[in-house]
Amino acid sequence: MINTRAGSSAHTHHEGKTKLDFETIVASKGVKKLGPKEGRTQEAAGVRLTWKATGADTGYATSVYEMDLPPGKGIPIHSHPYAEVFYVITGHTDFLRINEAGQEEWVRCGPGDTLIAPMNALHAFHNRTAEPSRFLSTSVYYHEVFFETYAPTVNIDDPLPPAKEPTEADGEQYLQLLKDAMRVHMYAPHLNASSGLEVFRDLEKRNRDGISVVR
């Protein structure tokens, strides 16, 4: 590493050539460690995620969140104009994709497995097992913008809201959220549902066992 005196110019000229000068960068500047449960936690669709790397950390290039997914929970099918990569840490998570024939199929991922959802690909994920699962999701900063807009920040140690039968008002509120998400280019086929309760019923159906899985 090359040190320069304070107040020196960014460039010096030597023998007709331009030579770059570099300021000393303190080794610890910008480098940080996050322990378990550390990071901003947000809640969406009854599940929680914790940001391990945000746009502010990465020059607004990449965002990474960790999710603990309880049994019977999941995120409905959707797409966005950027890729998302999932890496399963513990448990098993089932990812829904559309195959070449236009049919839905599940891909089960366990510890050490990686699932790649390309840009604009319809996908979803659910924990259709009896045990919790945990995974990392990596995407662009723009993905973080969606959660900043629609997912409230919560305390990671607070218990999840108790499960209850959704009301018609709950369904309509969720359906409106899906429609609003189009403003940040997040598309969900469910936004064309006849009612919000129809969306919740579909989620319940997808979370049931008995659907064939591609391993």
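These legends accompany close-up views of a predicted model. Local features need pLDDT of at least 70 and side-chain atom pairs pLDDT 80 or more, while totals for chains, interfaces and linings use all residues. Residues are numbered from 1 along each chain as its sequence is written, and side-chain values use heavy atoms, with hydrogens and water left out.

**View 1. The whole protein chain.** The chain holds three helices and 14 strands. Helices (H or I, at least four residues) and strands (E, at least two) are DSSP runs, numbered from the N terminus. Of its 215 residues, 36% count as buried. Buried means under 20% relative accessible area, exposed over 50%, and partly exposed in between (1.4 Å probe, protein chains only). Among contacts with a separation of 6 or more, 67% join residues 24 or more positions apart. A contact means heavy atoms within 4.5 Å.

**View 2. The largest pocket.** About 1300 Å³ of space lies here. A pocket, on a 1 Å grid over the protein atoms alone, is an open set of points where a 1.4 Å probe fits, with protein on both sides within 12 Å along at least five of seven lines. Grid points are joined across faces, edges and corners, and the volume is the space filled by probe spheres set on the points. The lining has 39 residues, with Ala44, Ala45, Gly46, Tyr174 and Phe200 nearest the centre. Lining residues have an atom within 4 Å of a point. Helix H2 (168-180) is among the elements that supply at least two lining residues. H2 gives the largest share, five residues. By type, the lining divides into 25 nonpolar, eight polar and six charged residues. Ala, Val, Leu, Ile, Met, Phe, Trp, Tyr, Cys and Pro count as nonpolar, Asp, Glu, Lys and Arg as charged, and the others, Gly among them, as polar.

**View 3. The second largest pocket.** About 300 Å³ of space lies in this pocket. Of its 15 lining residues, Lys37, Thr50, Asp68, Arg134 and Ile156 are closest to the centre. Strand S4 (47-53) and S5 give two or more residues each. The largest share, five residues, comes from S4. Six lining residues are nonpolar, two polar and seven charged.

**View 4. Helix H2.** The 13 residues of H2 should span 18 Å at 1.5 Å a residue, and its end C-alpha atoms are 18 Å apart, which agrees. The expected span is 1.5 Å times one less than the number of residues. Gly171, Tyr174, Leu175 and Leu178 are the buried residues of H2. Seen down the axis, they fall within an arc of 100°, so they line one face of the helix. The arc is that of the directions from the helix axis to the C-beta atoms. On the other side of H2, Ala169 and Gln173 are exposed. The buried residues of H2 pack against S6 and H3.

**View 5. Helix H1.** His143, Glu144, Phe146, Phe147 and Tyr150 are buried in H1. Their arc around the axis is only 150°, which puts them on the same side of H1. They pack against S3, S4, S5, strand S7 (84-90), strand S12 (133-139) and H2.

**View 6. Two loop residues with positive phi.** Lys37 is not a glycine, yet its phi is near 75°. Lys37 sits in the loop between strand S2 (17-20) and S3. Lys37 is exposed, with a relative accessible area of 52%. His185, also not a glycine, has a positive phi of about 65°. His185 lies in the loop between H2 and H3. At 47% relative accessibility, His185 counts as partly exposed.
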